[in-house]
Amino acid sequence: MMTMTKIPKKKLFIKTYGCQMNVYDSERMGELLRPLGYDMTERAHEADLVLLNTCHIREKATEKMYSELGKIKSMKSQSGGKMTIAVAGCVAQAEGEEIMRRQPAVDLVLGPQAYHKLPEMIARVSRKVGDRLETDFDTLEKFDALPKKRHVTGPTAFLSIQEGCDKFCTFCVVPYTRGAEISRPVDDIVFEARNLVHQGVREITLLGQNVNAYHGKAPAMAAATGAGEEWGLARLVRHLARIEGLDRLRFITSHPRDMQEDLITAHGDTPALMPFFHLPVQSGSDKILAAMNRGHTREDYFRIMQKMRTCRPDIALASDFIVGFPGERERDFQETMDLVDTVKFAVGYSFKYSIRPGTPAANMFGQVDEAVKHERLLRLQALLKDQQEAFNKACIGRTLPVLVTGKGKLAGQLHGRSPYLQAVHFDAPDHLMGRLLNVEITSATLSSLSAQLLYDEAIA
Ligand code: SAH
Ligand code: SF4
Ligand code: F3S
């Protein structure tokens with residue numbers, strides 16, 4: 001008779017900082033460790049392995065990681081040293097050696113392109129041999145080494161299709177932490193998407209640092225018939241939209257320079273592509289856009305957003321903004337305010353410029369005072385908040401399809417997402433979880449919508 005060797009059960013705690021790409025990476029690391037007996041826990045102190053997946057984008061994000069490490073270190077001492085501490089993500093890539101020096105309790109450090117090596121590194125830590133730092137760049141090797149099948153619960157999921165960045169905006173660390181731009185082959189993405197749908201996923205958000213720069217190897221079939229060797233994002237989206245059971249597609253984050261005409265028109269003719277478009281602009285001043293090395297003007301931005309609205313009149317537009325970039329005068333800032341006023345956004349993410357050592361903008365003249373940055377941020381946020389509230393209020397009385405993603409705050413409530421990515425809650429029984437339902441919006445606040453379920457109009 002065969003005897004199975006039982007893998008001892010262990011607990012894994014993951015804390016994720018930063019962007020959606022990190023959320024995806026954390027899920028993948030969890031999936032990678034499952035066959036080794038690791039189950040997820042919400043409680044760091046009871047974990048055998050604590051993994052911090054870090055973000056380097058602004059100084060604050062990096063500081064948070066060091067303070068969290070302090071707390072985890074005392075948990076490790078309480079565990080009698082049994083706990084393993086791993087630091088992954090963009091801070092690991094940017095300052096791995098420094099993390100090890102500043103916090104000796106850290107057992108291993110691995111960059112975003114090396115996380116497929118996690119099992120091997122854990123083995124090295126337990127044997128106390130070999131490198132504890134892995135920050136190589138070989139992104140496609142990583143994707144090849146990950147388990148092909150995903151392990152997800154719930155109706156929504158992220159799927160990374162493109163990674164890295166060659167744009168080198170002068171303020172940004174991403175090209176240094178994520179490496180050069182690469183696109184995954186279409187066949188791999190389709191396989192992963194089908195696998196997600198098979199597990200009940202109905203909405204997929206395609207991820208990339210410059211997702212619309214996607215240029216992946218065409219499917220074997222298409223290449224053989226001469227239908228192109230590489231596909232862009234629009235073609236990929238149209239292809240994925242044909243997967244049965246995949247009701248909704250989204251993608252983030254795009255760059256104005258890579259905005260192709262066919263991606264704009266896809267929003268008008270591909271029903272699965274949701275009417276939400278996030279296009280970071282950073283500034284409304286041409287002078288600042290040039291200093292940031294964004295490679296486009298404010299007029300270019302207006303043109304793209306205008307075309308998008310022509311193709312899909314109800315589209316919700318979103319953007320990112322940086323205030324207080326070196327050399328930003330009040331009149332430059334006013335141009336950002338004017339851009340916001342002209343475009344009218346459904347959502348806006350705004351940040352004070354944060355000096356990132358090693359990036360060109362860190363050494364530029366005309367660094368802006370903290371107090372000035374702060375005051376500009378407040379003004380911009382007030383305007384964006386007004387626009388967000390106005391967008392939400394304009395939905396009152398409309399019937400919207402909502403994908404139910406979980407239970408609401410109050411008993412008897414469920415919540416979900418509108419096509420415009422708004423949070424919607426309404427009274428409904430639990431068995432409707434995961435369904436796509438028509439609801440009528442009854443009231444709206446800055447951050448969410450309340451609705452009434454239209455029973456006879458449920459979609460699926
Ligand atoms: N690839 C995307 C966004 C990447 S980072 C793009 O091209 O726009 C996400 C957001 O963080 C950026 O859009 C920017 O608004 C902000 N950000 C990046 N570096 C920053 C810095 N040094 N200081 C403040 N905000 C920053
Ligand atoms: Fe950073 Fe610019 Fe690349 Fe976006 S495009 S990740 S802001 S360098
Ligand atoms: Fe942060 Fe890295 Fe994402 S720096 S924003 S986690 S790509």
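**Reading ligand shells, salt bridges and ring pairs**

Tutor: Two strands, E15 (316–323) and E16 (347–352), each give at least two residues to the shell around ligand 1. Strands (E, at least two residues) and helices (H or I, at least four) are DSSP runs, numbered from the N terminus. This is a predicted model, in which local features need pLDDT of at least 70 and side-chain atom pairs count only at pLDDT 80 or more, while totals for chains, interfaces and linings use all residues. Residues are numbered from 1 along each chain as its sequence is written, chains are lettered from A and ligands numbered from 1 in the order in which they are written, and side-chain values use heavy atoms, without hydrogens and water.

Student: Which residues come nearest to ligand 1?

Tutor: A residue is near a molecule if one of its heavy atoms lies within 4 Å of it. Of the 15 residues around ligand 1, Phe171, Gln209, Gln282, Asp320 and Ser354 come nearest. The shell splits into 6 nonpolar, 4 polar and 5 charged residues. Here Ala, Val, Leu, Ile, Met, Phe, Trp, Tyr, Cys and Pro count as nonpolar, Asp, Glu, Lys and Arg as charged, and the others, Gly among them, as polar.

Student: How many salt bridges does the structure hold?

Tutor: Side chains of opposite charge can pair when their charged atoms come close. A salt bridge is a side-chain nitrogen of Lys or Arg within 4 Å of a carboxyl oxygen of Asp or Glu. The structure holds 38. Arg150 and Glu192 form one of them, at 2.9 Å, N to O. This pair links distant parts of the chain, 42 residues apart: Arg150 is in the loop between helix H5 (139–145) and strand E7 (156–160), Glu192 in helix H7 (residues 186–198).

Student: Is Arg150 buried or exposed?

Tutor: Buried means under 20% relative accessible area, exposed over 50%, partly exposed in between (1.4 Å probe, protein chains only). Arg150 is buried, at 4%. Glu192 is buried too, at 1%. Now take Arg43 and Glu46, joined at 3.2 Å, N to O. Arg43 is partly exposed, at 47%. Glu46 is partly exposed, at 29%.

Student: How many aromatic pairs are there?

Tutor: A pair of aromatic rings is described by the distance of the centres and the angle of the planes. Rings of Phe, Tyr and Trp (its six-membered ring) pair if their centres lie within 6.5 Å; planes under 30 degrees apart count as stacked, over 60 as edge-to-face, the rest as tilted. The whole structure has 6 such pairs. Phe325 and Tyr353 are edge-to-face, 5.4 Å centre to centre, with 70° between the planes. Both residues are buried. Ring pairs link Phe171, Phe325 and Tyr353 into a cluster.
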